[in-house]
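Trainee: Please show me the model, and then we can go through it by question and answer.

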Amino acid sequence: MTDKPVTDETAHPSVASGSIFNLPNNLTIARIVMIPLFVAIAYWPPAMGIGQSAISDNAIANIGMYQFSDSLLRHFLLTAVFVLAAITDWLDGYFARKLNMTSAFGRFLDPVADKLMVAAALIILVQWHPDIVMAISAIVIISREIAVSALREWMAELGNRTSVAVSYVGKMKTTFQMVAITVLLLNWESLEMTGYLLLVISVVLTLWSMFIYLKAAWPYLKQP
């Protein structure tokens with residue numbers, strides 16, 4: 001779930017794109033289209049879906065073995081789709097700035113696409129790993145995004161949205177979050193602890209960044 005700087009299009013009307021279907025927005029739409037594909041890969045066919053144990057290094061070394069090949073392919077595809085979505089997330093912001101193609105539609109849709117993809121991945125990972133660490137991590141990350149989105153919307157109504165602008169901690173949180181989910185989607189036994197460690201770090205950064213946003217908004221929140 002990417003934290004991105006918010007631009008004020010009304011202050012720079014000359015940079016607005018004439019069509020909402022420009023390159024950056026098309027990349028964002030493509031990211032949303034990837035979500036049902038991502039879920040379909042995870043769950044179809046049902047007999048080979050969620051709940052399999054982590055794939056051992058021996059299985060990876062013997063990738064041609066029948067009992068492991070389908071499971072490996074599933075996880076490779078899932079990871080590839082998630083990484084591709086993360087790349088389009090970076091590209092749409094890059095092209096929007098580089099080509100001066102900003103739009104109100106893009107500013108609305110981009111963070112929504114990020115949150116939907118990450119939420120889908122976390123829900124799938126919770127079913128793979130039904131333990132307290134994974135469950136709490138998913139709850140904290142998703143809840144934070146809902147809370148911060150609501151906070152930004154409320155601050156925007158007050159005309160003070162820049163008071164809760166993206167922070168450096170928010171960018172770090174996003175980086176650790178994306179890497180952690182990527183590692184866990186691979187479902188390799190030797191990388192499982194690394195994935196959990198990265199996920200826990202991302203949760204700490206998630207809470208830290210939320211505290212920064214709440215601290216910035218507190219002067220407005222405590223008003224009668």
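Mentor: First a definition: helices (H or I, at least four residues) and strands (E, at least two) are DSSP runs, numbered from the N terminus. This is a predicted model, in which local features need pLDDT of at least 70 and side-chain atom pairs count only at pLDDT 80 or more, while totals for chains, interfaces and linings use all residues. Residues are numbered from 1 along each chain as its sequence is written, and side-chain values use heavy atoms, with hydrogens and water left out.

Trainee: How many helices are there in the protein?

Mentor: Read along the sequence, the pattern is α-α-α-α-α-α-α. The protein has zero strands, and its helices number seven.

Trainee: What share of the contacts with a separation of 6 or more comes from residues 24 or more positions apart?

Mentor: A contact means heavy atoms within 4.5 Å. Among contacts in the protein with a separation of 6 or more, residues 24 or more positions apart account for 82%.

Trainee: Which parts does the pair of F38 and F82 tie together?

Mentor: Rings of Phe, Tyr and Trp (its six-membered ring) pair if their centres lie within 6.5 Å; planes under 30 degrees apart count as stacked, over 60 as edge-to-face and the rest as tilted. F38 and F82 are 6.4 Å apart centre to centre with 45° between the planes, a tilted pair. Both residues are buried, where buried means under 20% relative accessible area, exposed over 50% and partly exposed in between (1.4 Å probe, protein chains only). The two positions are 44 residues apart in sequence, so the pair ties together helix α1 (residues 23-43) and helix α3 (residues 66-98).

Trainee: Is W90 buried or exposed?

Mentor: W90 forms one aromatic cluster with Y94 and F95. Y94 has 31% relative accessibility and so counts as partly exposed. W90 has 52% relative accessibility, so W90 counts as exposed.

Trainee: What is the relative accessible area of N187?

Mentor: N187 is found in the loop between α6 (168-186) and α7 (192-221). N187 is not a glycine, yet has a positive phi of about 60°. This residue is buried, because its relative accessible area is 4%.
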